[in-house]
Amino acid sequence: MGRKHWPLLPAGFLYAGVFVAPLLFFFVISFWSVKSRILRPDFTFKNYVATWVQYWDSMANTMAVALMIAAVTTLLAFGFAYAVRFKVGKLEGPLLFLALITLFGGYLVKIYAWKSILGRDGILNQALMELGLVDQPVDALLYNTNAVIITLTYFLLPFAILPIYGNLRAINPATIEAARDLGARRWAVMRDVILPQCEKGIVIAFTLAFLISAGDYVTPRFVGGGAAMMGHFIELQFSLGFNWPQGSAMSFSAMLLSLAIVLVLRAGFRRSLRP
């Protein structure tokens, strides 16, 4: 390491101490065992076996829900960022500000806001009854997977807009006009000009939404009615169960599966953009 890299050492030590070291600690204890609620140093794969035998359906459900949230969030974010960048003219700044201002406010505040909107006495049910579309409040709006998808999509949308808008901002509108002048149709311009240049932003937005959704346990608890997602079961292992090895094995299993899904989808997306 040359002297020019020395200023990076404090950041490197901080990263190793705050992120790498705890990760390694939990990876090591994922092979330990528990007896009488006391951690026992061991080297066993029974925690990983138990994860896939007992929780494979919850793991599959978690990945499916996370994929749905990431896909919806990325599509909405791309549509909004594209409109802000190329369609709204002078409203670009105000609309982007409105999107970013939603980042303010706590996570739990947003969850409770959606809980009040989707609840039996919430705004949505009141509106449906006022319009005469239903005779009584619809209970199916809250405490299910759909409520989790709606709440997390709303929470993650600003985070997904930023990287996509950043890539779209770098695209020169003259490039799009040149493609149209050469006879390219709207979809051809999107596929061959715009999407390749904002590929990184789309991948980052999707990955961010997918990983946060796959690991979240607060939203399923408050609006999902205890939806069978891995984050909820992992939290129980670390709290009520006091089985840290099992919780660590479940965490690393979910993490590795999530990363594998992201890498496969990223490779597929890149391949689809090749001419």
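These are my notebook entries on a predicted model.

**Ground rules.** I number residues from 1 along each chain as its sequence is written. As the model is predicted, local features need pLDDT of at least 70 and side-chain atom pairs count only at pLDDT 80 or more, while totals for chains, interfaces and linings use all residues; side-chain values use heavy atoms, with hydrogens and water left out.

**Overall.** I looked up the secondary structure and found 13 helices and 2 strands. Both are DSSP runs numbered from the N terminus (helices H or I, at least four residues; strands E, at least two). The C-alpha trace spans about 70 × 70 × 35 Å along its principal axes. Of the 275 residues, 37% are buried. I use buried for under 20% relative accessible area, exposed for over 50%, and partly exposed for in between (1.4 Å probe, protein chains only).

**Helix 1.** I checked its length: helix 1 has 21 residues and reaches 28 Å from its first C-alpha to its last. That is close to the 30 Å expected at 1.5 Å a residue, where the expected span is 1.5 Å times one less than the number of residues. I also noted a bend of about 35° at Ala16. The bend is the angle between axes fitted to the seven residues ending at a residue and the seven starting there.

**Nonpolar patch.** I found a nonpolar surface patch of about 780 Å², made by Tyr15, Phe19, Val20, Leu23, Leu24, Leu211, Met255, Leu256 and Leu259. Helix 1 (9–29) and helix 13 (244–273) are the elements that give two or more residues to this patch. Helix 1 gives the most, with 5 residues, and Tyr15 lies in that helix. Patch residues have over 30% relative accessible area and no salt bridge; like charges are joined within 9 Å, and nonpolar side chains (Val, Leu, Ile, Met, Phe, Trp, Tyr) within 5 Å. A salt bridge is a side-chain nitrogen of Lys or Arg within 4 Å of a carboxyl oxygen of Asp or Glu. Areas come from the Shrake-Rupley method with a 1.4 Å probe, and for residues only the protein chains shown count as cover.

**Aromatic pairs.** I listed 20 aromatic pairs in the structure. Rings of Phe, Tyr and Trp (its six-membered ring) pair if their centres lie within 6.5 Å; planes under 30 degrees apart are stacked, over 60 edge-to-face, and the rest tilted. Phe27 and Phe252 make an edge-to-face pair, 5.2 Å centre to centre with 70° between the planes. Phe27 lies in helix 1 and Phe252 in helix 13, so the pair ties together parts that are 225 residues apart in sequence. Phe27 is partly exposed at 37%, whereas Phe252 is buried at 9%. Phe155 is buried at 16% and Phe159 is partly exposed at 32%. I also noted that ring pairs link Phe27, Phe31, Phe43, Phe45, Tyr48 and Phe252 into a cluster.

**Two single residues.** Asn172 lies in the loop between helix 7 and helix 8 (173–181) and is partly exposed at 44%. Its C-alpha is 9.9 Å from that of Ile194, 22 residues apart along the chain. Pro220 is in helix 11 (residues 218–222) and is buried at 1%.
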